[in-house]
Amino acid sequence: MAHQSILTFSTSGRGLRDITDAVAGVVADSRVQSGLAHVFVQHTSCSLTITENADPDVLRDLDTVMARLAPDGDPAYRHDAEGPDDMAAHARSVLTDAGLMVPVGAGRLLLGTWQGIYLWEHRSGAQRRRVVVTVL
């Protein structure tokens, strides 16, 4: 049995947004007791990750690390059609991932105590993002 929903999120620009509760809602609606939840973002300039959900400094520090790995406006970039953050956003999404899997047990996400699912916006401006959640 498969259940699928598309969630839409508005971002306010670069940063991590906790989407755990929204994904957990899809899992609950699916009535799947034991299986997998696949979460996939339909964009190339944002990504998904599972990281700590307790200390907000972790989220800030992750943004700092990513800015060092893929800085905006690097003169070596050729792709800059949408501004200095364009290629950096694509590189950041490749360094992370567009999809992830989370086990489901007893009808809920089996995340660890300090884990959350995050939509990671890599563009500096506000965006609307679609996330597909498939529960099997």
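This is a predicted model: local features need pLDDT of at least 70, side-chain atom pairs count only at pLDDT 80 or more; totals for chains, interfaces and linings use all residues.
Beyond its neighbours within four places in sequence, Phe 9 is in contact with Arg 17, Ile 19 and Ala 22, with Leu 119, and with Gln 127, Arg 128, Arg 129 and Val 131.

## The five-stranded sheet

An open sheet of 5 strands, paired in the antiparallel sense, runs in the order S1-S8-S3-S5-S6. S1 and S6 are the edge strands, and because each has a single partner, one side of each is left without a neighbour in the sheet.

The pairing can be followed strand by strand. S1 is joined to strand S8 (residues 127-135) by 9 bridges in an antiparallel arrangement, and within this pair Ser 10 stands opposite Arg 128 of S8. S8 also pairs with S3, again antiparallel, over 5 bridges, with Val 41 placed opposite Val 131 of S8. S3 in turn runs antiparallel to S5, to which it is joined by 7 bridges, and here Ala 37 faces Val 102 of S5.

## Helix H1 and the residue after it

Helix H1 spans residues 20-30, and its buried residues are Thr 20, Val 23, Val 26, Val 27 and Ser 30. These residues lie on the same side of H1, because they cover an arc of only 125 degrees around the axis. The face of H1 turned away from this buried side carries Asp 21 and Asp 29, both of them exposed.

H1 is followed by Arg 31, which has a positive phi near 65 degrees. Arg 31 is placed in the loop between H1 and strand S3 (34-41), and with a relative accessible area of 71% it is exposed.

Most residues other than glycine have a negative phi. Ala 106 lies in the loop between strand S5 (99-105) and strand S6 (108-109), and at 64% relative accessibility it counts as exposed.

## A nonpolar surface patch

Val 65, Leu 69 and Leu 95 make up a nonpolar patch on the surface, and together they have about 300 Å² of accessible area. One of them, Leu 95, is found in helix H3, residues 86-95, and is exposed, with a relative accessibility of 52%.

Side chains of opposite charge can pair when their charged atoms come close. The model has 7 salt bridges, including one between Arg 60 and Asp 61, with an N to O distance of 3.6 Å. Asp 61 is partly exposed, at 39% relative accessibility.

Another salt bridge, at 3.0 Å from N to O, joins the side chains of Arg 123 and Glu 82. Arg 123 lies in the loop between strand S7 (115-121) and S8, whereas Glu 82 lies in the loop between helix H2 (56-69) and H3, so the pair ties together parts that are 41 residues apart in sequence. Glu 82 is exposed, with 56% relative accessibility, while Arg 123 is buried, with a relative accessible area of 9%.

Arg 123 also meets Asp 86 in a salt bridge of 3.8 Å, N to O. Asp 86 lies in helix H3 and Arg 123 in the loop between S7 and S8, so this pair ties together parts that are 37 residues apart in sequence. Asp 86 is buried, at 1% relative accessibility. Glu 82, Asp 85, Asp 86 and Arg 123 are linked in a network of salt bridges.

Terms used
Residues are numbered from 1 along each chain as its sequence is written. Side-chain values use heavy atoms; hydrogens and water are left out. Contact means heavy atoms within 4.5 Å. Buried means under 20% relative accessible area, exposed over 50%, partly exposed in between (1.4 Å probe, protein chains only). Helices (H or I, at least four residues) and strands (E, at least two) are DSSP runs, numbered from the N terminus. The arc is that of the directions from the helix axis to the C-beta atoms. Patches are made of residues with over 30% relative accessible area and no salt bridge: like charges are joined within 9 Å, nonpolar side chains (Val, Leu, Ile, Met, Phe, Trp, Tyr) within 5 Å. Accessible areas come from the Shrake-Rupley method with a 1.4 Å probe; for residues, only the protein chains shown count as cover. A salt bridge is a side-chain nitrogen of Lys or Arg within 4 Å of a carboxyl oxygen of Asp or Glu. Two strands pair if DSSP finds at least two bridges between them.
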